[in-house]
Amino acid sequence: MKKLTLTALASLLLLAGSAFASNQGDFQKAMKAAQEARKMAQSVDGEWRDIGKILKHAKKAAKKGDFKTATELARIAEFQGKTGYAQAMSQKGVGNPAYLYN
Amino acid sequence: MKKQLVAVLAISLLATGSAFANKKATDTTPEEDLKVYRDYFMKKFPGVPLNEFQNGVYAIDKVSRDSWEAIEEFPPYEPMIEEGEEMWNKPFANGKTYSSCFPDGPAQRKNYPRWDAKRKMVVTLPMMVNECREKNGEKPLKWAKGPITRILSYMAYESRGQKTHVVIPKGDADALAAYNDGKSFYFARRGQLNFSCASCHVESAGQHIRTDILSPALGQTTGWPVYRSKWGELGTLHRRFKGCNKQVRAKPFKPQHRQYRNLEYFLTHMSNGIEYNGPSARK
């Protein structure tokens, strides 16, 4: 019984692992999303400093077949692109802050 | 409990109140801005005369000033002024010199940056230097460091004592838009650290950032080009803009990009009335 439970648990873990493991397809999808997000940030002069570097590392990892790392990096770049865009839009046209008048 | 509620309410009201007082760039005129910025810095650093702000952090911190004054006894930029003078006098291949573009001589700081109504853009002194070279068949110089800082340091040296006088021409909507763009750039948070230029040089001016003291924005444009010990050489104002943007983890623009020219226009206007004192030395 104990052996059976252990086997079931191991199989479950393996299944879960394979469900979350990234493959080339995942990486390509993440890369496309990251590049689109970067372009969006660029269009409003809101790109962050390190996106280019992060994407470069992602490509390097993918070349080595480490799609897990590559996909994670691409997702970080996508986040940075989207946040940079949102930041630039929220700051559009700002002027003197309140503290100047206190 | 009641007290806590009142406190929370008061804090919320304060937060809301200050949020409402934030202005849009177009809400205030350049004249109003000038007064607001000056009043702010005079209140923040009482007793510092307006013209002293030309010296950046050395106007507000005695210890830093002492070591800076020691450096200024043998200025590290002095040989570069001499090199710049040689460049000024050396004829281009066509026999003309820089003075063919600047007939009033090298003391040009007071004239730049300025709004060029014909071209509908802010023009800067480094731009005019390179345009002069191209007009005379020479290759333009790189913008951030190297030979351009030599000619600029000679021109700055010859301009010492001139007062900053940036004009936003009345009735020119494009000039005002460029000024407001520069203002917006200055107060906009950017980069992964979510800092604006003003976060450091207005709101936190005078405070420590690691071992350094943040210099006030007022007077920050007067001493360029600057010999920074960190660089070990002279650099231009736009080189510093790039560095600041990188430090907050935003992707910087190229020197003389529209964004930086507009920023220079706004920031230099803030220092109207303060004397030019470039080239200068900074940490």
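View 1. A:Lys68 and A:Glu72 form a salt bridge, with their closest N and O atoms 3.4 Å apart; the term stands for a side-chain nitrogen of Lys or Arg within 4 Å of a carboxyl oxygen of Asp or Glu. This is a predicted model, in which local features need pLDDT of at least 70, side-chain atom pairs count only at pLDDT 80 or more, and totals for chains, interfaces and linings use all residues. Residues are numbered from 1 along each chain as its sequence is written, chains are lettered from A and ligands numbered from 1 in the order in which they are written, and side-chain values use heavy atoms, with hydrogens and water left out.

A:Lys68 and A:Glu72 are separated by about one helical turn because they sit four residues apart in helix α4 (residues 67-90) of chain A. Helices (H or I, at least four residues) and strands (E, at least two) are DSSP runs, numbered from the N terminus. A:Lys68 is exposed, at 52% relative accessible area, while A:Glu72 is partly exposed, at 43%. Here buried means under 20% relative accessible area, exposed over 50%, and partly exposed in between (1.4 Å probe, protein chains only).

View 2. A:Asp26 belongs to helix α2 (residues 24-43) of chain A and is partly exposed, with a relative accessible area of 27%. Its C-alpha atom is separated by 9.9 Å from that of A:Glu72, 46 residues apart along the chain. Chain A has four helices and zero strands, giving the pattern α-α-α-α along the sequence. Of its 102 residues, 35% are buried.

View 3. Side chains of opposite charge can pair when their charged atoms come close. B:Glu31 forms a salt bridge with B:Lys170, the closest N and O atoms being 3.1 Å apart. B:Glu31 lies in helix α2 (residues 30-44) of chain B and B:Lys170 in the loop between α6 and α7 (173-187), so this pair ties together parts that are 139 residues apart in sequence. B:Glu31 is partly exposed, at 43% relative accessibility, and B:Lys170 is exposed, at 69%.

Look next at B:Asp33 and B:Lys183, whose side chains meet in a salt bridge of 2.8 Å, N to O. B:Asp33 is in helix α2 of chain B and B:Lys183 in helix α7, so the pair ties together parts 150 residues apart in sequence. Both B:Asp33 and B:Lys183 are buried. Elsewhere, A:Arg38, A:Glu47 and B:Lys251 are joined into one network by salt bridges that share partners. A search of the whole structure finds 19 salt bridges over all chains.

View 4. Over all chains, a search of the whole structure finds 20 aromatic pairs. One of them joins B:Tyr40 and B:Phe41 edge-to-face, at 5.3 Å centre to centre and 85° between the planes. Rings of Phe, Tyr and Trp (its six-membered ring) pair if their centres lie within 6.5 Å; planes under 30 degrees apart count as stacked, over 60 as edge-to-face and the rest as tilted. B:Tyr40 is buried, with a relative accessible area of 11%, and B:Phe41 is buried too, at 1%. B:Tyr186 and B:Phe187 also form an edge-to-face pair, 5.5 Å centre to centre with 85° between the planes, and both are buried. Ring pairs link A:Tyr99, B:Tyr40, B:Phe41, B:Phe45 and B:Phe53 into a cluster.

**View 5. Backbone details worth a close look.** A cis peptide bond joins B:Tyr112 and B:Pro113, with omega about -5°; B:Pro113 is in the loop between α4 and β1 (114-116) of chain B. Another cis peptide bond joins B:Trp224 and B:Pro225, with omega about 0°, and B:Pro225 is in the loop between β4 (212-213) and β5 (226-228) of chain B.

Positive phi values turn up as well. A:Asp45, a residue other than glycine, has a phi near 55° and lies in the loop between α2 and α3 (51-63) of chain A. A:Asp45 is partly exposed, at 30% relative accessibility. B:Gln256 has a positive phi of about 70° although it is not a glycine. B:Gln256 is in the loop between α9 (237-247) and α10 (258-270) of chain B and is buried, with a relative accessible area of 10%.
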